[in-house]
Structure formats: structure tokens, C-alpha cells
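Me: Please take a close look at one part of this model for me. I would like to know how the protein surrounds its ligands.

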Amino acid sequence: MRAQVGIVGAGPAGLTLALLLERAGIDCVVLESRTREYVEKRVRAGLLEQNTVDLLHELGVGERLAREGLEHRGIFLRHRGHTQHIDMAELTGRHITIYGQQEVVKDLIAARLDLGAPLHFEVSEVAIHDLEGERPRITYTHAGSEHELACDAIAGCDGFHGVCRPSIPLGLLTEHESVYDFGWLGILAEAAPTTDELIYGWHENGFALYSMRSPRISRLYLQVPADEDIERWPDERIWEELQTRLAAEGWSVGEGPIFEKGIAPLRSFVAEPMQHGRLFLAGDAAHIVPPTGAKGLNLAVNDVRLLAAALVDWFRTGSSAGLDGYSTAALRRVWRAQDFSNYMTQLLHDLGGGEFQQGLQLARLEYLERSEAAARSLAENYVGLPAAGDF
Ligand code: APR
Ligand code: PHB
């Protein structure tokens, strides 16, 4: 079997890349280890930057997003019952949109299957070979038989635990990592949100976030120790702690039946460079950000926007200049997002530093309130710097 580009992983990175390439007449095969049902139901974050929304519209997959996505002007920061609004639309002229990552994935899968383009679920024993040559290969098992796909280039879009990054020979990759000693307990509840925009809450007990998925579904998070046992968090305790950490006078969090509950660790990770020979990494395969800045999905989409443009140029003109510069271009935005995600995490979480640290955090929150320059800096990072150029 042959394809110009073999794509490993059908998350937001792999699926968006596949659509960008097919649109330019480049054929690709997407290989995914999970079932379609699993990837469509996997609950992840749900905040899209305007760049991401614009790209999904450009790709013709924005119809449901336009109907069901919730466009927000900004966010609230809350501490000690005091609420501050960061009006991102006013500060930057740009918006953010709430739309679950699995909804994006559903729309992208439907678009690919509509094209009749190859997307194989439940593949196993995926391995990549001959990355340094002109004809890299992917071998895998699908529906009980072994396959080999010969490509011109391979896109490693297989997430943090995938096989592509570890296929790069030892010593060629530098990995930077910082693991936090806390995680996020996240819930989905059948409860009408009692806020119209997200609330990022600072509290002595730890961070809390009030987000949503629709006018009837709330998504909420609590900072918990990294090794926390979910059994220690029955529903009543979750609601009680959310009410405490997000409290404001005359107001409460809207409660309802919880239908999804899980704990995820927080990690900052970057692998450099994001390419080796004919293998190009994109999305979580190359980097992870803590979710406080809501950047994970948006970074994945930015990577493949750059990668697709470079691949199209290479196939059309034979020039590898774009591909050669892919990692450098993508990493500029990755490090910007790492810095911002780290800043938001340090601003709002209990980092274990006691009263001195709390004093610094409260001073920073107050500065955001008093200084438009400080608020604008947060806002332009949060909504995402414009996609023009290589940022
Ligand atoms: N072979 C084929 N597919 C694989 C393999 C493999 N060996 N290993 C992993 N995969 C698949 C996973 O099942 C997953 O569907 O690769 C896909 C990677 O998708 P994501 O983890 O969603 O990563 P990405 O597309 O880079 O999107 C990044 O996802 O983790 C969130 O918050 C993160 O929003 C960000 C986004
Ligand atoms: C979410 O809605 O899941 C969400 C929103 C903002 C974040 C993280 C997660 O910073």
C-alpha cells in the first residue's frame, strides 16, 4: 500500500492534518489504535481559540460548532469572594468558544468518512521504519492481517503515549519535563451553569474551575493531590468543595447528577526537535501543557496548520525549506504556550508554598485588576496570538 502521508493517531492533530492535506489533493491514510466510539466519547478539555474556530470553518467542519459552540467574551477570576472580569473581546478584539474536544473529533471523523478517505480504527502493533530514507514505512495489524504502508512522510499524531516519539533514536531528542504534584479532578454534571462565562477560582484549599459544555451541562474541576484516590471523592464532597472554593455572596454553583468523573495529572513537556528525517511530530506526541491555560487542543491544531502548509509546499514545488523549518516554527508557539500555561498554573493553584506564596498570588491577581496592561497580556495569550507569521 502507498500513501503520500501516513498519519498515526486520530485525535484532533491527526484528523485536522488529514483534512488539510486531502483538501490540497495529498492522499493520506490515518491509523488509530482505539475504536471510533472510544475516541468520540473520550472526554477532554473544550476551549477553542479563535484561530482554531477559524480553521475548522475554513475546513468546512464548523457547522455544528457554529450552532452549538458557546462564544464567550472573556473569563472571570475569583478569589476570596471577589470576582474580576477579564473582557478579552474588548482587550483583544477576539473571542473564545466552548465546544468539547470530542465534539470536534466527531465532526472531523464524519468529514473524513464523507470524503471516503481511509481512516482505520483498532489497528495494533503499529511501528514506523526507515525514517532517514526517502520511503519511510508504517507496519501494523488491522482486522487480523498484517499491513505495510509506504509513504513519503509520516506524521506522528499519536499523543503523549504513542509510538512515534520513542522511534526517534536515543540522543537525538531533548525532552524537557516538569511534573506537578497535583492533578485535576474533573466532572461533567447535568446542571445548568449558574455563570455565563468560565470562573477560575483561587482558594486556600486549592484551585477550582467552573466551565460548561452547553446550557444544561456543567464541567467543573478541583485541584487535588497528584496521587489522589477518586474513591475519596463521593459526589457530595465534590459539590461541597466546589461551593467552598468558588463561593461568592448570594450565588452558588448549580448542582445536578454527575455522569463523568476522573482525575488527570498536570504536566509540562516539550520534545525538541519535533522532527527526525521524514517523521514529523504534532500535538501531544511532542508536547503537553497543564490545562490551566486551555492550550492543548489549540497547540495541536497550530502544529498541523504549519505542518500541512510545509508538506503541501514540498509536494508541489519540491522545496523542503518549510519542512526543514517546521520544528523551529511550531516550537515558538509551543514555548509561548508553555510559559502562559505555567503562569496561569502558578497564579491560581496551591503550590504548597504557604502564606508567602499566597501573598504573591493575591498581589498578582490584584495587579491584573488594576492594570489594563497586565489584563491585556493575560487576554492576548488566553485567546491566542494571531496565526499570521510563524507565531
Ligand atoms: N497507533 C495508532 N494510534 C495511536 C497509537 C498508536 N500506537 N498510540 C496512540 N494513538 C492514538 C490515540 O488513541 C489517540 O486517539 O493517537 C491519538 C492521539 O490523540 P490525542 O491524544 O487526542 O492527541 P492530539 O491529537 O495531539 O490532540 C491533543 O488532546 O490530550 C488532548 O489536551 C490535549 O487537547 C489536546 C489534544
Ligand atoms: C474545559 O471546559 O474543559 C476547560 C476550560 C478551560 C480550561 C481547562 C478546561 O482552562
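Reply: Here is a walk through the surroundings of the two ligands, one after the other.

Keep in mind that this is a predicted model. Start with ligand 2. Thirteen is the count to remember: 13 residues surround ligand 2. The closest are Tyr200, Ser211, Arg213, Tyr221 and Pro291.

Two of these tyrosines also make polar contacts. In the side chain of Tyr200, an N or O atom is 2.7 Å from an oxygen atom of ligand 2. For the side chain of Tyr221, the distance from an N or O atom to an oxygen atom of ligand 2 is 2.6 Å. The backbone takes part too. A polar backbone atom of Thr292 is 3.4 Å from an oxygen atom of ligand 2.

How much of ligand 2 does the protein cover? On its own, ligand 2 has 280 Å² of accessible area, and the protein covers 99% of that. Two strands give two or more residues each to this shell: strand E15 (208-212) and strand E16 (217-225). By class, the shell around ligand 2 has eight nonpolar, three polar and two charged residues.

Now turn to ligand 1. Around ligand 1 there are 25 residues. Glu32, Arg42, Arg44, Gln101 and Asp284 come nearest.

The side chain of Glu32 has an N or O atom 2.6 Å from an oxygen atom of ligand 1. The side chain of Gln101 also places an N or O atom 2.6 Å from an oxygen atom of ligand 1. Pro12 uses its backbone: an N or O atom there lies 3.2 Å from an oxygen atom of ligand 1.

H8 gives the largest share, three residues. The shell around ligand 1 divides into eleven nonpolar, eight polar and six charged residues.

To recap, strands E15 and E16 each give two or more residues to the shell around ligand 2.

How values were computed. Residues are numbered from 1 along each chain as its sequence is written. Chains are lettered from A and ligands numbered from 1 in the order in which they are written. This is a predicted model: local features need pLDDT of at least 70, side-chain atom pairs count only at pLDDT 80 or more; totals for chains, interfaces and linings use all residues. Side-chain values use heavy atoms; hydrogens and water are left out. A residue is near a molecule or strand if one of its heavy atoms lies within 4 Å of it. A polar contact is a pair of N or O atoms within 3.5 Å; within protein, one must be able to donate a hydrogen and the other to accept it, and residues adjacent in sequence count only if both atoms are side-chain atoms. Accessible areas come from the Shrake-Rupley method with a 1.4 Å probe; for residues, only the protein chains shown count as cover. Helices (H or I, at least four residues) and strands (E, at least two) are DSSP runs, numbered from the N terminus. Ala, Val, Leu, Ile, Met, Phe, Trp, Tyr, Cys and Pro count as nonpolar, Asp, Glu, Lys and Arg as charged, and the others, Gly among them, as polar.
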